[in-house]
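Subject: Structure for your review

Dear colleague,

Please find below the structure that I am handing over to you. My notes on what was found in it follow directly after.

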Amino acid sequence: MTPANVRVPAKINLCLGVGPVRDDGYHPLATVYQAVDLHDEVRATAREDGQITVAVHAELDARTEAADVPEDDDNLAVKAARLLRDRTGVDLGVDLAIRKVIPVAGGMAGGSADAAAALVACNEAWGTGLSRAALEVLAAKLGSDVPFLLHGGNAIGSGRGEAISPVLARGSYHWVFAMAHQGLSTAAVYAEFDRLNVGSTVADPQVPDALLAALRAGDAEALGGALSNDLTEAALSLRPELEDTLEIGIEAGALGAILSGSGPTALFLASDEQHGLDIAFALGSAAGCADVVQSRGPVPGARLS
Ligand code: C5P
């Protein structure tokens, strides 16, 4: 059987507006996603006996905590394969091999990325031929960020993050990511958000006009000033040392600095590659920072490679 290989990017949220918790436990979001050049790879090899297996490889274990990624039915890539199989009625199995580069529990949607990649890879390996639109419907069932990771580029996310729509954007941006020593659970950060907001009224979330204007103009400096994240206080409450990381990047001249999604990865906008190097060098002294990576965005979503 010919294996299908898929490359899938990480995501960042240029803004992350979070509303009051819904009855189903999720929070309404108003976000702008950007896919960035930090890729996982998923290889799918069909098997006749119907079994679904997964193996996870990481070259940089310290950064990706690959040991924390389940190699059983809890793996989101396995869930994606099962969902596609149920939807199409195919009776084949698959061996999934994941090469992890995106930090685990880093606020960059690493698990969701693998699920998006597994959908595309299995669709190819099994010859099930679902359209991109049909895959997006399955993606939304797997997790809030999965539809965007199929899509890539820049997009507005609403609902619980799964409803994506186009955004007018130009320019390519230089990012520096500070990876933390230990991941943070997304659910725990949202729970802390709720705890901190007990007794206060949380407004419905909105994408800031200044951010949309900066993206339309391709203006990195304006974009840096417009970055925002409503989960900051909750993530810093769980990981106070991240405040130091953000400050070091700002002192090094970053155009903007926020946590990525629910954290703990911190992201910094640089004006060019050399500026990114300066910021990366300064972050080397941050106690909460395990590794620093330079990256570019936007990039395409999950694609056969
Ligand atoms: O959708 P996903 O499985 O990625 O979300 C992980 C967890 O993050 C959810 O179980 C929920 O606790 C929290 N979450 C949320 N509101 C969102 C997205 C995620 O509360 N919009």
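The side chains of Arg 99 and Glu 41 form a salt bridge, with 3.8 Å from N to O; the term stands for a side-chain nitrogen of Lys or Arg within 4 Å of a carboxyl oxygen of Asp or Glu. This is a predicted model, in which local features need pLDDT of at least 70 and side-chain atom pairs count only at pLDDT 80 or more, while totals for chains, interfaces and linings use all residues. Residues are numbered from 1 along each chain as its sequence is written, and side-chain values use heavy atoms, with hydrogens and water left out.

Helices (H or I, at least four residues) and strands (E, at least two) are DSSP runs, numbered from the N terminus. Arg 99 is partly exposed at a relative accessible area of 29%, and Glu 41 is partly exposed at 30%. For these words, buried means under 20% relative accessible area, exposed means over 50%, and partly exposed lies in between (1.4 Å probe, protein chains only).

How many salt bridges does a search of the whole structure find? The search finds eight. Among them is the one between Asp 49 and Arg 47, at 2.7 Å from N to O. Asp 49 is partly exposed, with a relative accessible area of 47%, and Arg 47 is also partly exposed, at 21%.

Another salt bridge joins the side chains of Arg 195 and Glu 192, at 2.9 Å from N to O. The two residues are three apart in helix α6 (residues 186-196), which means that about one helical turn separates them.

I turn now to the aromatic rings. A search of the whole structure finds one aromatic pair. Tyr 33 and Phe 148 form this pair, which is stacked, with 4.5 Å centre to centre and 10° between the planes. Rings of Phe, Tyr and Trp (its six-membered ring) pair if their centres lie within 6.5 Å; planes under 30 degrees apart count as stacked, over 60 as edge-to-face and the rest as tilted. Tyr 33 lies in strand β2 (residues 29-47) and Phe 148 in helix α5 (residues 146-151), so the pair ties together parts that are 115 residues apart in sequence. Tyr 33 is buried, at 0% relative accessibility, and Phe 148 is likewise buried, at 0%.

Two further places deserve a look. Ser 158 lies in strand β5 (residues 154-158) and is partly exposed, with a relative accessible area of 31%. The C-alpha atoms of Ser 158 and Val 32 are 8.9 Å apart, although 126 residues separate the two along the chain. Finally, Glu 247 is found in helix α10 (residues 242-251) and is partly exposed, at 42%.

Yours sincerely,
Your colleague
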